[in-house]
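Here is a short tour of a model for you to follow on screen. Have your viewer ready, and let's begin where two chains meet.

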Amino acid sequence: MDSFLEEDAEAVVVVDGKRRKRRRNPAAQAAMHPSLHLPFLPPLPVSSNEHKLNFKKSKEACLDYIQDALLQKQWKRAAEFLTCYVESLEKDYSREHISASEMIWRIGTEILWHHSQSSVKEFSCFMEQMKTLGVKRYLKVCLEHVFHLLCNGQIDEAYQNLSLAESWRFGEQTAIQDKEMKLIQAYRGLLDYCSWSKQKSILLEHGEDEFSDLAVEQEMHSYFRKAAVNLKEIIKIPGVWDVFVKCYVDLLEFYGDHNEARQVLNEYAYNSKFPANPNAHVYLYQFLKRQGESKKSLISALKILHDIVPSHELMIDFNTMLQKSKKRRKRRLGLEVIFAGLDYAGWKENEKAWSCLARQVKQIVISEKHLDWIKQEWNSRKDWWPAFHFSRYLAKRNWQENKNLSYEKALVAGILLGKVGLFEMLPKTKGRIRPRISC
Amino acid sequence: MTALLEDIDRLEARRGCPRQHLASRLRWFSHLCRDWLFEVPLGLLADCLHEELTQQWSSLLFDDSLTGGALAWLPPEDGGTPRGCLVYPGGQAMNHLYFQDVVLEALPHTRGSPVQFELSGRIRQVAAARVDGQDFVGVRSDYHCGVWRVPGKTGAAPAPLQVIRTDVPASCLTVSPHLPGELSVCTQSGTVYLWNVETGLQKLRHDSQTMFFRDHSPWRWSDFTAHPRVLSCADRTGLQCLDARAPKRCHFDLFKVGEEAGCQQGERVVLPMYLGRAHPSQYLVTTQFSVYVLDERLPLVPVLKWPHMMKAPPLFAHLMPGKPERSHKVLLGASRTQELLLLQYRGGSQSPCQLAGTPQKLHNIAGCLQHLPTQLPHRHHLLQQRLSAPAAGLAAMLQEDGPHKSMLIFQLSEAGDVFCQRLTHKTAQPLAPPSRDEATTAPGSSPLFEAPASSPDGLGNEGEEEEEQTFYLPNLEVIIDEEEEEEEDMSTPAPLEEAELLQEPCASPQPSPAVPSPAAALRYRRWLRALFRAWREPARHTWPSSLSQRRLFTRRDLEGPAGPSSLQRQMRQQLRQTMQEGGRIQCWEPLALQPPPLPQTWELAGGLDPLSTRLTAAWAGDWEQWWEERTSFSVAQRQRALRERRRRQKRAQGRRSLSASFTSSLTYQSELSELSDVGPSQLSHSHPPILSQEGSPPAGSPPVHSPPPSPAPEEALLSSQSFRCRGIPKERRKTLRDYLSVWAEGPPEPPEPPGSQASQLCIPSSQSQLSSASQPRRKRPRMGF
């Protein structure tokens, strides 16, 4: 059970980077354990005080009951067991102490969250106790508390809690929990941003009333400063910070600091230390579009997005943009983009995409230039596209569900497969061109 | 398979010991290797043996060959008709593949007899996917993989398409949800194939090493992704995606056990699954600790993580996609513990991924034991065994019947039974908003590819399922002959004859009672009846009943001895009489009885079998000597050696060295057991029998076999002669004597050696002497050294 406690405690936290050392001798464990480390195997018989073992056993059983109750949504029952489990704090002989208290924190929050008779006040009280119980995860508990308050709509209290947590000092512990501190600051920045945008909307509504404006405006600016400082900090750390980045960019744009915004977005999208995040490129693209940047830079932003996620919704825009281009190379790229998008299962019934493809293919066929482009694209797909897109079953279903889609697909199929037979159930009356080429 | 069956046939010839069947194997083995085995260096042999044992041990603890599960549900074509098809393995060795039509009414029941295919190996996995209105069913056994096609039309027969054979056991078989007749196969050698029924096999990758760090598990897995040409490959360390068109060049890492996903030490991938039906780019990865939902577009960083806290790693998973605004439901199942967990999550495209509501534990198979009518203890035990067989597969479906929404969950056990439970939808109480950091991803992440629309907090309209009843499909294996009859009855459920006994369904106190419906209870009873009918014969012997022996052997073969023999009757009578008198039975009268059942066990309990002697000798470093003794052939030879050793022993006593006293005392012990092999006659004169005569001799015990009269136990123990006999050096004799006298004086009545006395009731005299005499002595080495 000791393994359960510590491992579970680690598993729950996503941002927790620390690892605790395992206590058992790894060699002995390797001999006894299967290739996969199984957390719930009965622990090896250790010669030790029987009293301890018994205590451990009953603790384990208690935890089992709690888990059982939680998974069956019997919150009251779980709460009763948890009050018994609290004893494990008092009579704990080992280093598990920390895990046990962490356990109580996690289980307790879960129960209080769902329990029909719990109130926010009780919850806060519990949280305060938990904060004092474990200094090592003080900030984590704070963060959890703040989330809970936010979910209940108590934004001011949440803000107060964040400020309190930010000023928390506890020797070495403050330095150890640096990551959490950054998060606390970032969330405070986020709340500042919320207040800022509230003030902004007030200001925009009462544009004429000048006297009140001044105060509101000043307040708004102070929110901006507070938010900007904190948000700027967090997005320097490699990670996925979509919310923070968006807010920060919004602030900067409002105050006209486009260069800074661009720099932030570029950093977020192109810094290799950050995880490859398609959203970063989307934000950059949207920013560039808002700025009225040249087609070229838009296309280059989308090109990278295309390389990362060929099935992104923006690829249709990308294709339209490329199709309009006068450059041959770009039109070629456009064809590639739309073909690549339609490779994905999620695009199978995307009418827009099919119409883009149909339009471009039609254009190429009519102009009788660059037929080889189609040929090349088709070559790598001819062994599986017919079964994937143009099966009889699909034709029938598409026709029943979405006739327009059927027309577009039929056109493409006609060109690519060189025959119309597949989609023969389409009404012939619809006077559509079905050019024939041999690919 | 035929060889195995023949083997079982042969086994039947020697009825009795459940381990008998090993004997023939052992004999073959010894025939095979007696010429060369002795040439193998012992160290090497030991290494190999150790390796093998470790492997077997770990597969006992965690068997990953079942990953994926061997149960598949083929839903009806249009969703309108309430029927579908279950595909599952069955038969004596789980080598038959069944396609069973199931009608989903209030109580799902089978319709018609299943379509059967006999395969040449135990079925490990059954995977299915629907492409273009047709179901493709992939079946994996250790060395063969096959694919069947089931046309969408109801009543159409499944048709086998192709079979491949592998040299190395296959560890994975998945069916493409995109292209008809396409599957992916992994073998334990680390090879991944794309298998197309028309074009054959395409090798995508071969790497015996794991991908991200070294892990010795040969388990590999692969599945499909949103792009029909891109496959994911997994081992215990993570997942990679390969493009089948250029597998060497185009690949990217999808999941890595490590920092990015916040994994903990020892965490390994257990089961990856493509969640394409929920969201085209989502992926599920389970480890023994947590469940992750990944997005192909944002690899390495999970979009959802939740520690599942299951006691065994989840080997089975099943996805039930929800409608656009509803949550997707994922069922996780473990094999050994039969755990079943229902998770619901939503989001992915419009909103961030988050768990919807709290996860829910569902009933496991063993839990239905409480709902069954009370059984006789032995039947109860058998039933318990049967019901607690590890789970082997999981399938589920959502059923919408007008306003009634429900979820049907099928579970397959390794014994070949299929169980079913239904969860019904309840919209009554809105649930607390589920947006909590527990299930969120990295803080600050926003929905993928979408402007973060105001997060839909406070969603009350959860797709929550409330547990209502459990019920069970008739056993599909055991009662195969009765199935016809079963069906007729099932269509008209008879009223309950007796009230169902309501008990607590789980081990923990204060549970929620879940009562099976009358029809389900009836089906229970039918299943039970059939089960016990099939079990009646094997139940008499206690070997595991995974094989249906009824069809292998004639009834006469299986019949045990008709009734108690006259001898047994006599013994019972004797026993009863003694019990009334409060006396003890020193030994059974008919000692010459052929296999004396009780003495045999006691012999083992006495610890004087050759093995323990050998171990004792080995422990004392005297092993070689022991071996010499073993190899000397005749009893005479042994006796000679004994005499010689005794002489040496005396000399050793003269030397009065500690080590000598140690070895000699142990030598003595090995002699004892040596002698016990020879027989009691030689013993009686050399050693005084001890502790056998206290208490009154039982009334009926004949004098012939009772040991000769002997001095009182204290005397016997304390006499210096006996000490010398045991090779105890002089300087310790006094200490020992003091000790023993204290012990002997304690109770005024005949001293009762704690605990062991009772066990000597029925031991033949020679045995009892030996065991009791050796008792105070055996502690010595431990006491002195």
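The side chains of B:Asp132 and A:Ser391 are joined by a polar contact of 2.8 Å. Keep in mind that this is a predicted model.

**Around B:Asp132**
- B:Asp132 sits in the loop that links strand E5 (123–131) to strand E6 (134–141) of chain B.
- Its relative accessible area is 19%, so B:Asp132 is buried, the cut-off being under 20%.
- Beyond neighbours within four places in sequence, B:Asp132 is in contact with A:Ala387, A:Ser391, A:Tyr393 and A:Leu394.
- Within chain B, the C-alpha atoms of B:Asp132 and B:Pro180 are 7.3 Å apart, although 48 residues separate them along the chain.

**Nonpolar cores**
- The largest nonpolar core has 165 residues, and A:Leu357, A:Trp385 and B:Phe255 touch the most other members.
- Helix H11 (residues 178–205) of chain A supplies the largest share of this core, ten residues.
- Because domain 1 (1–118) and domain 2 (349–439) of chain A both contribute residues, this core lies between them.
- Apart from this core there is another, of 30 residues, including B:Val137, B:Ala395, B:Met397 and B:Phe410.

**Around A:Ser325**
- A:Ser325 is in the loop between helix H17 (314–324) and helix H18 (328–342) of chain A.
- With 16% relative accessibility, A:Ser325 counts as buried.
- The A:Ser325 side chain reaches the backbone nitrogen of A:Lys327 at 3.0 Å.
- Not counting residues up to four places away in sequence, A:Ser325 touches A:Lys330 and A:Arg331.

Definitions and conventions: Residues are numbered from 1 along each chain as its sequence is written. Chains are lettered from A and ligands numbered from 1 in the order in which they are written. This is a predicted model: local features need pLDDT of at least 70, side-chain atom pairs count only at pLDDT 80 or more; totals for chains, interfaces and linings use all residues. Side-chain values use heavy atoms; hydrogens and water are left out. Helices (H or I, at least four residues) and strands (E, at least two) are DSSP runs, numbered from the N terminus. Buried means under 20% relative accessible area, exposed over 50%, partly exposed in between (1.4 Å probe, protein chains only). A polar contact is a pair of N or O atoms within 3.5 Å; within protein, one must be able to donate a hydrogen and the other to accept it, and residues adjacent in sequence count only if both atoms are side-chain atoms. Contact means heavy atoms within 4.5 Å. A nonpolar core is a set of buried Ala, Val, Leu, Ile, Met, Phe, Trp, Tyr and Cys residues joined through side-chain atoms within 4.5 Å. Domain bounds come from an automatic or database domain assignment.
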